[in-house]
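Biologist: I would like to go through this model with you. Please set each value against its definition.

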Amino acid sequence: MRTAEQIKAAIEAAMPGAGVGFVTNPSVSEQHSLRLAPNSAVAVARFLRDDLGFSFLSNVTGVDWPDKEVSEKVTLTRTVTKTVDGVDSTVEEKVDETRKRQVPGCLEAVYHLYSVELREGPIVLRMRTGNRTDQVELPSLTPIWRSAEFQEREVFDLFGIVFKGHPDLRRILMWDEFKDHPMRRDYVEPDDFEYEPTAHDEVLTRAVAHQISEAAAGQEGTGHSQ
Amino acid sequence: MTVTPTLNASSKNKPDGWNRPQVIVPEGDADLLEVAMGPHHPSTHGVFRMDVALDGERVIRLKPVFGYLHRNHEKLAEGMSYLASMPFTDRLDYICPLTNNWAYALAVEKLTGQAVPERAEYLRVILGELTRVQNHASSIGFLIQEMGASGTPLMYAFREREKILDLFEALTGARMMVNYMRFGGCRVDASPAWLDATRKVVEGLPGFSEEMERLLCSNEILMARTQGVGILRPELAINAGVTGPMLRASGVDYDIRKVDGYGIYNRFNFRVPVGDHWDVYDRFMIRLLEIRESIKILEQALKDIPGGPVMDPKAKIRGFRPKPGEAYGRIEAPKGELGFYLISDGGPNPYRYRIRPPSLINLTVLEDMAIGQNVADVVLIFGSVDIVLGEVDR
């Protein structure tokens, strides 16, 4: 049973400059993962399949990491003028200040590999997009492992990662005309759900609000809000 | 011919695109007939559509269409605690709710490091194997039903399934929506009377499997309809992530009960049946043989089951916050590899909750198996995959 570190070393020995990173998993499961650089991912995947024996790609999924604000405590030294007993004096003072820093978000694709022949696994591969809006392309691993075909379609559908090189990238669970990606953390349900026939409580409030906003917009009913 | 697992037997030195469906060019300038089979087709086990292009009777192209039963279970689970998702897992593959419970409990136990008491492990094995028996029996019944043998084999299978569902009801309170397993054990203990009743049902199972084999295996019509139909080559099966009885029917010896030995499976003596013609008949036959092996496991587990608690008294099943990190846990569910992938950010809800559905991934190769076959056989090939739409669409 080879560990993720050994796999990483094997990749680096065969393909210098592949840019494989190591991601430690602090959980008790100890399933550490390898981060692939998108431009060399297909070559690394082919090497994993053909030379290291990882013939079976079990699971493909996406993870959404939205932009987040990180608060950090910084200690600053400031010069303050103070009046003591009617005399102005300048004093140096230490002040704790909380600063906020923006960490840009990304979308991540996660792959779980096993070896049928060597009975090993899982080896976890991860790839990250540039951001969550306009750089959402990642290379598709479907040409290497066919099992990614439907699963990458699902990640495209629900998360919005565009897999370049996928032979048939269409929505799979949502319908073709659907906009937006429901598994993203900041997804907001559209206010067009079918109201209950006997609406009450929260649903009643939403139904009334919906009807008012529809009337204000001068739209025709959607057929759902009788 | 059985494929012995050797390194890189599967895909090395194959040209790019070898794992794509092999396109057939129709003869002459034939007009293709496009048929939408489904979503309300009696053979589709629910709401599933196949867009088929036909040249006469021959299938030229087949595109499965999913999503009619989609309710975004994964999104719902991210908004609730770990325990609150447990009843929803029953509704994935609703033929086998107990193995779904087990897979989810196993993934959470991997994430938190929670140990499971001995008696609970035995109960899990007993319930998991009973689930496998009733799933395989009814899936064979459905397959024969789709072939046109109206009623009899399906009713034979359902008679046995009903006995097993009665056991589930006696133990968990529900026939199908069981909500039985917990992180670190099981919800309630089995009484001695329940174990006796289970022993009695298990004693009757070999008779049932022999009866099915006598009834079906050498049936001329069944052999004519299924042998040589829907062949799936082992290297493609591995590459396309096919798991469970379908993978083993394609000649690959890979059973997660043996490979991972999760729970206490490495204590039991059982064999892994493997197919050697890779067709629909093999898939049918593998399921019959797996029923036999499951009966063997059941007999051993019912003999050895120890006393003791079924829940670790120190286990926290609600309101716990796993350390940040992630875990992927998988089991050999009756339909294939059922996995749960969980990411914790230290909160009470999972940050990411993903189900690896065997039914969906086994359908990847549906087109490859169907191309070039008659349209009537597509129904059989589809039936031999054995899917449940609750799990495909989630």
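Biologist: Where does A:Phe159 lie?

Modeller: A:Phe159 lies in helix 3 (residues 148–159) of chain A. Helices here are DSSP runs of H or I with at least four residues, strands are runs of E with at least two, and both are numbered from the N terminus. A word on the source: this is a predicted model, where local features need pLDDT of at least 70 and side-chain atom pairs pLDDT 80 or more, while totals for chains, interfaces and linings use all residues. Residues are numbered from 1 along each chain as its sequence is written, and chains are lettered from A and ligands numbered from 1 in the order in which they are written.

Biologist: Which residues is A:Phe159 in contact with, leaving aside neighbours within four places in sequence?

Modeller: A:Gly62, A:Asp64, A:Leu107, A:His181, A:Met183 and A:Arg184. Contact requires C-beta atoms, placed from the backbone, within 7 Å. A:Gly62 is 97 residues away from A:Phe159 in sequence, yet their C-alpha atoms are 6.6 Å apart.

Biologist: What makes B:Ala36 buried or exposed?

Modeller: B:Ala36 has 12 C-beta neighbours inside 10 Å, so B:Ala36 counts as exposed. Its place is in strand 1 (residues 33–37) of chain B. Beyond four places in sequence, B:Ala36 touches B:Arg49 and B:Asp51. B:Gly275 is 239 residues from B:Ala36 in sequence and 32 Å away in space, C-alpha to C-alpha.

Biologist: How do you know whether chain A is spread out or a compact globule?

Modeller: Compare its radius of gyration, taken over C-alpha atoms, with the globule rule, 2.2 Å times the number of residues to the power 0.38. For 226 residues the rule gives 17 Å, but chain A has 26 Å, so chain A is more spread out than a compact globule. Its C-alpha atoms fill a box of roughly 85 × 65 × 30 Å along the principal axes. Chain A has four helices and nine strands. Of its 226 residues, 34% count as buried.

Biologist: What does the rule give for chain B?

Modeller: A compact globule of 394 residues would have a radius of gyration near 21 Å, and chain B has 21 Å, so the two agree. The C-alpha trace of chain B spans about 75 × 50 × 45 Å along its principal axes. Chain B comes to 15 helices and eight strands. Buried residues make up 53% of its 394 residues. Among contacts in chain B with a separation of 6 or more, 74% join residues 24 or more positions apart.

Biologist: How is helix 5 of chain B set against helix 6 of chain B, roughly parallel or roughly antiparallel?

Modeller: Helix 5 (residues 152–172) of chain B and helix 6 (residues 192–216) of chain B pack at about 165°, with axes 11 Å apart. That makes helix 5 of chain B roughly antiparallel to helix 6 of chain B. Among the residues making this contact are B:Tyr156 and B:Leu167 of helix 5 and B:Val201 and B:Phe208 of helix 6. The contact divides into 13 nonpolar, one polar and three charged residues. Nonpolar covers Ala, Val, Leu, Ile, Met, Phe, Trp, Tyr, Cys and Pro; charged covers Asp, Glu, Lys and Arg; the others, Gly among them, are polar.

Biologist: How many residues of chain B are in contact with chain A?

Modeller: 46 residues of chain B are in contact with 36 residues of chain A. Strand 7 of chain B gives the largest share of the chain B side, five residues. By class, that side has 17 nonpolar, 16 polar and 13 charged residues.

Terms used: Two residues are in contact if their C-beta atoms, placed from the backbone, lie within 7 Å. A residue is buried if 20 or more other C-beta atoms lie within 10 Å of its own, exposed if 12 or fewer, and partly exposed in between; C-beta atoms are placed from the backbone. Axes are lines fitted to C-alpha atoms, for helices over the stretch in contact, and angles run from 0 to 180 degrees between N-to-C directions. Angles under 35 degrees count as roughly parallel, over 145 as roughly antiparallel, 65 to 115 as roughly perpendicular and the rest as oblique.
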